[in-house]
Each structure stands twice: as structure tokens, then as C-alpha cells.
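Read it alongside the sequence and the coordinates.

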Amino acid sequence: MTRTEPRSAGPTLAVVARAAAVSIPTASKVVNGREDVAPDTRRRVTEALHALGYVRRPRLTPRQPPPVVDLVVHSLDNARSGAVLRGVEEAAHEAGLEVLVSAGPARTRGGRPERGWLDRLALRGTSGVLFHLAEPAPTHHAWLEQHRIAYAMVDPVADPPPGVLAVGAADERGALGAVEHLLALGHVRIAVIGGHRRTRCSRARVAGYRTALVAAGVGPRPEYIRYADFDTGLARRRTRELFALEQPPTAVFACSDPMALGVYQALAELGLRVPQDVSVVGFDDLPEGEWVTPALTTVRQPLGEMAATALRRLLRVREGQMPPGTTTELPTRLVERNSCAPPRGVFV
């Protein structure tokens with residue numbers, strides 16, 4: 001069998017330089033058309049180039065970095081951020097953008113913008129910044145406006161400042177639907193566990209809870225309204241407080257899925273069954289809601305769609321196709337699973 005030798009890539013510049021009895025830099029000057037070479041030297045190098053069949057390799061130039069959009073999240077270790085990232089990636093792919101993710105925004109102890117983080121935004125020429133649960137301070141807003149860096153809020157924690165683009169969910173309407181579902185099953189003793197009292201979404205969800213009860217002729221009971229800062233462990237403690245009442249609830253609406261899991265934990269510790277003894281509804285529709293037993297009935301907020309919408313609208317604002325400062329609420333949907341039933345347990 002005949003062995004095929006690999007094809008040679010041709011003589012190198014060093015081989016040409018040896019054949020012409022010159023240095024490699026001198027041979028390079030001839031190849032690149034430099035004028036500072038003696039005529040006789042140029043002739044020798046040229047003859048060597050032709051004789052050896054030298055082929056000039058194309059010069060490699062640095063690639064222009066692709067346009068970038070920045071996604072700034074409060075934390076990277078939860079399912080919410082993953083859903084937001086998938087939505088941003090989808091919209092960024094459509095627009096030919098790369099996504100750069102960071103946790104922040106960083107700030108000094110005095111609340112001022114951390115110079116390194118902000119300067120990097122300006123230097124890399126970002127196409128825009130999306131903030132998810134990572135609220136910029138007023139000084140950040142001012143800096144971004146001053147440097148004409150477009151930005152938008154995804155599911156903003158607080159009410160966005162005037163003129164800032166924001167996309168969220170119809171939190172109040174979603175909560176109202178969740179409580180209406182429990183009322184339709186026959187529950188009237190319904191408790192709510194809210195998140196942070198100051199956050200926009202928590203206020204809206206507790207307001208939806210109140211509205212649903214009032215519309216049904218059921219007065220909200222102050223002792224049934226608790227707050228757990230969107231924390232699973234704190235929701236567990238708040239649930240134990242609810243079921244230490246003389247007349248405990250027959251249903252609990254938790255304003256986030258992680259808090260609903262805390263409700264599940266507390267009920268199991270108390271020897272109570274879901275939904276036979278207590279019905280539970282969450283809010284988010286995170287994967288964890290399907291992993292528990294029984295699977296959690298919850299309100300789906302379209303996190304990925306919210307993020308994609310925010311980026312698409314941010315780019316439209318940059319291009320002058322829509323005015324800045326619009327706030328959009330996308331509809332939610334109740335996802336019915338197995339955690340709700342008519343009241344018939346030990347507390348009826």
C-alpha cells in the first residue's frame with residue numbers, strides 16, 4: 001500500500017530568507033512591499049520567492065466583537081433567573097446580539113455606582129441593559145441616563161421611575177384568579193402569605209387576594225394575612241403561626257412557589273395533608289411546583305416572555321420606534337394541579 005505524504009504548506013519566510021542570504025525581517029519587508037530595502041537585496045529576495053513558490057499567507061485580523069446586551073440579575077442560583085435568561089437569549093438571537101450575564105448591580109457602601117462595573121458597560125458599547133430583581137439605585141439611573149445607555153426593568157421590584165421601560169406580570173389579576181379558584185371550591189377561611197411588604201408584586205398579589213374576598217362577600221381577616229419575604233423557611237414559620245390560631249384557615253395562598261413549599265413543609269410537620277386537610281396555591285409556576293407531592297396548583301407568570309418582550313421593546317426604543325417609559329403587564333394563568341380540593345378536612 002502506498003503511503004500518501006501530507007501536502008506541504010509551502011516554504012516559510014525563514015526558508016526564503018536563507019535562500020536569499022538575508023534576515024527574516026528583511027525578507028518580510030520585501031513581501032510586504034516596504035520601500036526601505038536595497039534594490040539588489042530586493043531582487044535576491046524576489047527571485048527566491050519565485051523559485052521556491054512562496055505563497056503569502058493572509059494576515060489575521062482581530063474579529064470585531066458581536067454586539068452585546070447585558071442582563072443583570074439579583075442571583076444566578078434560582079429557576080426564575082434561568083427562565084429570564086432563556087427569554088433574553090431568544091430575543092437576543094433574533095436581533096443578532098450576544099448576552100452577557102452578571103449579578104449586581106454593584107454599588108459602594110454609600111449607595112453610589114461602583115465605577116468599575118459601570119465603566120465596563122460604557123467601554124464595551126452595550127446595546128442595552130436589562131435588570132431582573134436587581135434594582136439600580138437612583139445614582140445608577142442617573143449614570144445610565146447621562147451615558148445614554150438604554151435599559152429596562154424585567155419584573156421590577158419597585159415601581160419603575162418615570163420614563164423607564166418596564167415589563168412585568170399582571171400580579172393583582174393573577175392573585176385574584178387564584179383566590180377565586182379557592183372560593184369556587186367552597187373555601188372562605190383563606191389565608192395569604194405575602195412576600196416583602198414594600199415590593200411591587202407582593203403588594204399587588206395581596207391586593208388581588210383582598211379584592212377577591214371582598215367581591216365574594218367575605219371580609220379579609222387580619223390574622224390570616226402574613227408576610228414571609230419570599231423565603232421558604234420564613235413561610236414555614238408563618239404557616240405554623242396560622243395553624244396555631246383558634247380558627248385556622250382551610251386554604252393558603254402563598255405569593256410565590258418557594259413560599260408555597262414552606263407551607264407544604266409546615267403542614268407535613270403538623271400532620272396535615274394537602275389537599276385533604278388544607279388547600280394550597282402558589283404563584284410563579286417554577287419547576288419545583290411539579291416536583292412536590294401533590295403537585296402544586298399555582299399562577300403562571302410568563303418570566304421568559306416578560307424578558308424577551310423587555311429586550312425587544314428596549315431595542316425599539318433605541319431605534320426610535322416606540323416612546324420610552326412604557327410599563328407593560330403580561331397576563332398570568334392559573335395552572336390547576338393536585339393541591340386544591342373542597343374543604344372537608346379536620347378544620348371544617
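Buried means under 20% relative accessible area, exposed means over 50%, and partly exposed lies in between (1.4 Å probe, protein chains only). Arg 238 is partly exposed, with a relative accessible area of 21%. The model is predicted: local features need pLDDT of at least 70, side-chain atom pairs count only at pLDDT 80 or more, and totals for chains, interfaces and linings use all residues. Residues are numbered from 1 along each chain as its sequence is written, and side-chain values use heavy atoms, with hydrogens and water left out.

- Helices (H or I, at least four residues) and strands (E, at least two) are DSSP runs, numbered from the N terminus.
- In a regular strand the side chains alternate between the two faces of the sheet.
- Strand β8 covers residues 251-254; Ala 251 and Phe 253 point one way, Val 252 and Ala 254 the other way.
- All four of these side chains are buried.
- Two strands pair if DSSP finds at least two bridges between them.
- Strand β6 (residues 190-194) runs parallel to β8, joined by 4 bridges.
- Here Ile 190 stands opposite Ala 251.
- Strand β9 (residues 279-284) also runs parallel to β8, with 3 bridges.
- In that pairing Ala 251 stands opposite Ser 279.

**Salt bridges**

- A salt bridge is a side-chain nitrogen of Lys or Arg within 4 Å of a carboxyl oxygen of Asp or Glu.
- By this rule the count is 20.
- Arg 205 pairs with Asp 171, their closest N and O atoms 2.8 Å apart.
- This pair links distant parts of the chain: Arg 205 is in helix α8 (residues 200-215) and Asp 171 in helix α7 (residues 171-184), 34 residues apart.
- Both Arg 205 and Asp 171 are buried.
- Glu 241 and Arg 238 form a salt bridge at 3.0 Å, N to O.
- Both lie in helix α9 (residues 232-242), 3 residues apart, about one turn of the helix.
- Glu 241 counts as partly exposed because its relative accessibility is 33%.
- Arg 337 and Glu 290 meet at 3.9 Å, N to O.
- That pair also links distant parts of the chain: Arg 337 is in the segment after β12 (333-335) and Glu 290 in helix α11 (residues 288-291), 47 residues apart.
- Glu 290 is exposed, because its relative accessible area is 52%.
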